[in-house]
Amino acid sequence: MKTLRIAVLVTLATATLLALRPGPAGAVPVFARKYGLNCTNCHSGFPRLNDWGQRFRANGYRLPGRENEEKTVLESPPPFALRTSYGYTHERFENGAEGTNASGFRVHGLDVLSAGVIAPHVSYLMVYPPQLAGSRGVQEQEGTIEMVSVVFSGLGSPWLNVRAGRFEPAYAAFSVKRHLTVTPYEVYEYAFPGGSPFSETQEGLEVTGSGRGFAYAAGLVNGSATNRPDDGPSDAYARAAMVIGAGEGQTAGQRVGVTGYFGRARPEGGIDALQTYSRFGVDASLNLKQVNLAAQWLYGQDQKALWGSETADDVCWSGFFAELSWQPLVECVAFARYDMVEGPEAIGQDVTRLTGGGRYYFADNLALHLEYSRRTLDSAASDDPTEDLATARLDFGF
Amino acid sequence: MKGRWAAPLLATVLVGLTLAWSTGALGQFLANGPLPPAPVPPDNPQTDTKVRLGAQLYFDTRLSADNTISCATCHDPKTGWANHNPTDTGIRGQVGGRNSGTILDAAHMRVQFWDGRAASLEEQALGPIHNPIEMGETLENVVRKLNAIPGYKAQFNAVFGTDVNTDGIAKAIAAFERTVISGPAPYDRWLAGEKSAMTSAALRGMNLFNGKGRCSPCHGGPAFSDQGYHNIGVGMDRKNPDLGREVVSKDPRDRGRFKTPGLRNCALTHPYLHDGSEKTLADVIAYYDRGGIANPNLDPLMLPLNLTLREKADLVAFLEALTGTQPNITPPALPEAGAAQEGGSR
């Protein structure tokens, strides 16, 4: 393992030095290579998408207005990309008088990504994290296909695009795959026992469209991981968003959105029947030059059996996060976020998280990521356990 | 067992990719490479005598109705083969509606004029002559006038084997314009390995040009133009905006679209945009930073850029690094008027 760590360190150090050399910033993953553009065309602080990148994604990974000039995967450079990160992480768990620490250098996962245009109105995206057995130097990773979807875009107009397969659904207004922080959005993670995080990728079908500052999405997906394969698509959702001013509300324009989600899930243990749950969310992404404020409020109402609760009523909870980011230069971005979830009254489990940090880009595709985060669980059953995470890592995409 | 192999494999892949990147195998796609030789149409090969004739015609005001305007009036070598007025003034003080594009490196553009109405330099060369606002002459009359000048008549016979005609005028001027080519710019020298050719600000600007500034999707290629047409909103908030390419194509989707100009030598050719509405490169960048002027046909790629002051200055530095060495061309001596030509044109 020591040899491996040295090898990885040498690799990343070499990459850093090469990235720092004078010259054009390396054109990186699939799309950047295809178009000969730098990552910052589509990302304001990779991996976060900017407005241009958002339009590109919404248009089925085709440059808006240039659809007729698009090259297919067969006419483009190999449509594969890699993303990984390596660095030092220190974690401390504290529960009353007890405390444990874990720290060290390690590889924080590896994603293999493939994407491209198959035909004039058809494209695809696949993200595959290969299986990595956990060890001291490598974070364990399950080898499953995280996303694989086919997008049928611009079917007659920009108002009709269809995405099918396993994808990142549009109801989560802020992508957890492309956000700035290592730590997750708590309100997206919050779920009844065995339930999937709100931001989890889903299998199903999604219809989207946009134009004149308005965007919508609606979908039918398989839903909770506790469901049986023969339960079929059990969840439905819809989202509408409006942007005021030029932009898509990513880093320009002011975006507000509402989301409604209705699903059915089997409780983890207990009665063996589908129970209903619903989510309602309001989100906003406000931009002033290099400053972005992203905020999400989410309300959940679940049938009590999903929580194993014996209360008379449904279980309700709500939460929000507000994330402020500032990108004074293309090479760096700073962020701070506050997460809060007020858990079901009968169960407790309120969560708060405070996160701060920054990213410095040696090159478009190589960032030094620094982050500190403290999570507190306000639980009736214990002494408000806390989790602290501090990490310094290199985030690398190729 | 799998874990033991996965990490070394990852390290190997990363080393391989890093090396491939450093050697350029998978490296930066240099869309904006050096200028290749200017294309020459098979029916108008370059000859020295034709180029000399074209140069005389280019600088000769006798091609205009009142003998006051030549090609060089609006495309002056002293001002980057363009003109520093927002829009140009033709015969009898008439003011045109568009900014004069530079002739410098125009041979690398597939079509000519802001709206692309001329498919070749030959076609472009005749346009201003019979444009009533610009040179205001009829083609028939200019042929008659030039045939009355012995020096021109002799040269046309030597070059084309005929007296002066419109086809010969177009071909000669176009042949001359194909010699108006800039030499290597600091950017080209940097590409060739002269690492000191560009300042650190220009290098940062280059990365912005290909990245956050989102310039290269339209200003890609050796001439820094995609040779396409785009509506970037310029003047679209006016009561009667210039319809641009739509006038030529009759396609409403082309409303407000104009040809992407090349950016080589742009530091010499202020003011900018098709209406000359932006005085400096910094002004142009500020315009793009705002995301253009909203209109139904605004290019979907036009979005606010959120550039900082330093980033704007870096982009200007890069654009200035696209100024190449200038062709050493001075106005030639013009053939003297024949007896019948003395005293006027019509």
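Biologist: Which of the 66 residues in the largest nonpolar core touch the most other members?

Modeller: This is a predicted model, where local features need pLDDT of at least 70, side-chain atom pairs count only at pLDDT 80 or more, and totals for chains, interfaces and linings use all residues. Residues are numbered from 1 along each chain as its sequence is written; chains are lettered from A and ligands numbered from 1 in the order in which they are written. A nonpolar core is a set of buried Ala, Val, Leu, Ile, Met, Phe, Trp, Tyr and Cys residues joined through C-beta atoms within 7 Å, buried meaning 20 or more other C-beta atoms within 10 Å of a residue's own, with C-beta atoms placed from the backbone. Those touching the most other members are Ala172(B), Ile173(B), Phe318(B), Ala321(B) and Leu322(B).

Biologist: Which helix gives the most to this core?

Modeller: Helices are DSSP runs (H or I, at least four residues), numbered from the N terminus. With seven residues, the leading contributor in chain B is helix H7 (residues 166–177).

Biologist: How are H9(B) and H12(B) oriented?

Modeller: Helix H9 (residues 200–209) and helix H12 (residues 309–320) of chain B pack with axes 7 Å apart, at an angle of about 100°. Axes are lines fitted to C-alpha atoms over the stretch in contact, and angles run from 0 to 180 degrees between N-to-C directions. Since 65 to 115 degrees counts as such, H9(B) and H12(B) are roughly perpendicular.

Biologist: What is the average pLDDT of chain B?

Modeller: pLDDT is the predictor's confidence in each residue, from 0 to 100. It stays under 50 over residues 21–30 of chain B, and also over residues 340–346 of chain B. In chain B, 88% of the residues score at least 70, and the average is 89.

Methods:
Buried ≥ 20, exposed ≤ 12 C-beta atoms within 10 Å, placed from the backbone. Helix = DSSP H or I, 4+ residues; strand = E, 2+ residues; numbered from the N terminus. Contact = placed C-beta atoms within 7 Å. Parallel < 35°, antiparallel > 145°, perpendicular 65-115°, else oblique.
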